[in-house]
Amino acid sequence: MKIFHTGGAGYIGSHILTELLSRGWDACVFDNFSSSSPKALDRVATLTNRQFQRVEGDIRDKDAVKAALREFQPDAVIHLAGRKPARWFEPA
Ligand SMILES: O=c1ccn([C@@H]2O[C@H](COP(=O)(O)OP(=O)(O)O[C@H]3O[C@H](CO)[C@@H](O)[C@H](O)[C@H]3O)[C@@H](O)[C@H]2O)c(=O)[nH]1
């Protein structure tokens, strides 16, 4: 299986990525590292002893997403790239 994995460098994403690679699946991580670091991907590669594609890009950039999908040709997409939830404000 080939998985296109947005937000794959994040907390939940990097755990999912580890599981995908451990199953022998291929992955392409698409992430802008706005709340994560490429170092997380290095750690996953070391932990799993697997290499995978990495694309640094903005999920809102339709052309960049299309180009990455066209090149990788995934079987499935796991989409975790997203902004953190809005803060909770106490009512006045
Ligand atoms: O426009 C965007 C926004 C985010 N990202 C990426 O998406 C990933 C999101 O991951 P993260 O911020 O770690 O979120 P979660 O994996 O949902 O982790 C949530 O849950 C964790 C466990 O509770 C907390 O530690 C985190 O702070 C909280 O955001 C990161 O790699 C971001 O760089 C993009 O690529 N594009």
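The end C-alpha atoms of residues 6-83 lie 12 Å apart, and this span is 44% helix and 19% strand. Helices (H or I, at least four residues) and strands (E, at least two) are DSSP runs, numbered from the N terminus. UniProt lists residues 6-83 in an unreviewed entry as "domain: NAD-dependent epimerase/dehydratase"; positions from that record are given in the numbering used here, feature names are shortened, and annotations may be inferred rather than shown by experiment.

The structure is a predicted model, in which local features need pLDDT of at least 70 and side-chain atom pairs count only at pLDDT 80 or more, while totals for chains, interfaces and linings use all residues. Residues are numbered from 1 along each chain as its sequence is written. The average pLDDT (the predictor's confidence in each residue, from 0 to 100) is 94 for the chain, and 93% of the residues score at least 70. The model has an ipTM of 0.88 and a pTM of 0.90.

The chain contains 3 helices and 4 strands, which follow the pattern β-α-β-α-β-α-β along the sequence. Its C-alpha trace spans about 50 × 30 × 20 Å along the principal axes.

The 4 strands form an open sheet with parallel pairing, in the order 3-2-1-4. Two strands count as paired if DSSP finds at least two bridges between them. Strand 3 (53-56) and strand 4 (76-79) each have a single partner strand and stand at the edges, so one side of each is left without a neighbour in the sheet. From one strand to the next, the twist averages 15°. Strand 1 (residues 2-6) and strand 2 (residues 26-31) run parallel and are joined by 5 bridges. Within this pairing, Thr6 stands opposite Phe30 in strand 2.

Helix 3 (residues 62-72) lies across strand 1, strand 2 and strand 3, and runs at about 170° to strand 2. Axes are lines fitted to C-alpha atoms, for helices over the stretch in contact, and angles run from 0 to 180 degrees between N-to-C directions. Contact requires that the C-beta atoms of two residues, placed from the backbone, lie within 7 Å.

The ligand has 18 residues around it, of which Gly7, Gly10, Ile12, Ser36 and Ala81 come nearest. A residue is near a molecule if its C-beta atom, placed from the backbone, lies within 6 Å of it. Helix 1 (residues 11-22) gives the most to this shell, with 3 residues. By class, the shell has 7 nonpolar, 8 polar and 3 charged residues. Ala, Val, Leu, Ile, Met, Phe, Trp, Tyr, Cys and Pro count as nonpolar, Asp, Glu, Lys and Arg as charged, and the others, Gly among them, as polar.
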